[in-house]
Amino acid sequence: MSKNKSVKQQARQAREARQARRVVNGIFIALILLMVLSLVAYYLFTK
């Protein structure tokens, strides 16, 4: 019984770690896109 519980706990921790990595990667991608869009807007409005 405790072996099954520990396996489930490890699986849950792995899922949570993957989800946390996805969130962090999504934030970085969003920041990069925001920077690119702001640079494009800056160049368009300054000409």
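In the predicted model, K5 counts as exposed, because its relative accessibility of 64% is over the 50% cut-off. The residue lies in helix 1, which covers residues 2–46. K5 also belongs to a positive surface patch, whose other members are R12, R15, R18, R21 and R22.

The protein chain contains one helix and zero strands. Taken along the principal axes, the box filled by its C-alpha atoms is roughly 70 × 5 × 5 Å. The chain has 47 residues, of which 0% count as buried.

Aromatic contacts were examined next. A pair of aromatic rings is described by two quantities, the distance of the centres and the angle of the planes. The count comes to one aromatic pair. This pair is formed by Y42 and Y43, with the ring centres 5.6 Å apart and an angle of 65° between the planes. The arrangement of Y42 and Y43 is edge-to-face, because planes over 60 degrees apart are placed in that class. The relative accessible area of Y42 is 51%, so this residue is exposed; the cut-off for that class is over 50%.

Both residues examined for accessibility thus fall in the exposed class: K5 at 64% and Y42 at 51%.

Methods
Residues are numbered from 1 along each chain as its sequence is written. This is a predicted model: local features need pLDDT of at least 70, side-chain atom pairs count only at pLDDT 80 or more; totals for chains, interfaces and linings use all residues. Side-chain values use heavy atoms; hydrogens and water are left out. Helices (H or I, at least four residues) and strands (E, at least two) are DSSP runs, numbered from the N terminus. Buried means under 20% relative accessible area, exposed over 50%, partly exposed in between (1.4 Å probe, protein chains only). Rings of Phe, Tyr and Trp (its six-membered ring) pair if their centres lie within 6.5 Å; planes under 30 degrees apart count as stacked, over 60 as edge-to-face and the rest as tilted. Patches are made of residues with over 30% relative accessible area and no salt bridge: like charges are joined within 9 Å, nonpolar side chains (Val, Leu, Ile, Met, Phe, Trp, Tyr) within 5 Å. Accessible areas come from the Shrake-Rupley method with a 1.4 Å probe; for residues, only the protein chains shown count as cover. A salt bridge is a side-chain nitrogen of Lys or Arg within 4 Å of a carboxyl oxygen of Asp or Glu. Lys and Arg count as positive and Asp and Glu as negative; His and the chain ends are not counted. The place of a charge is taken as NZ of Lys, CZ of Arg, CG of Asp or CD of Glu.
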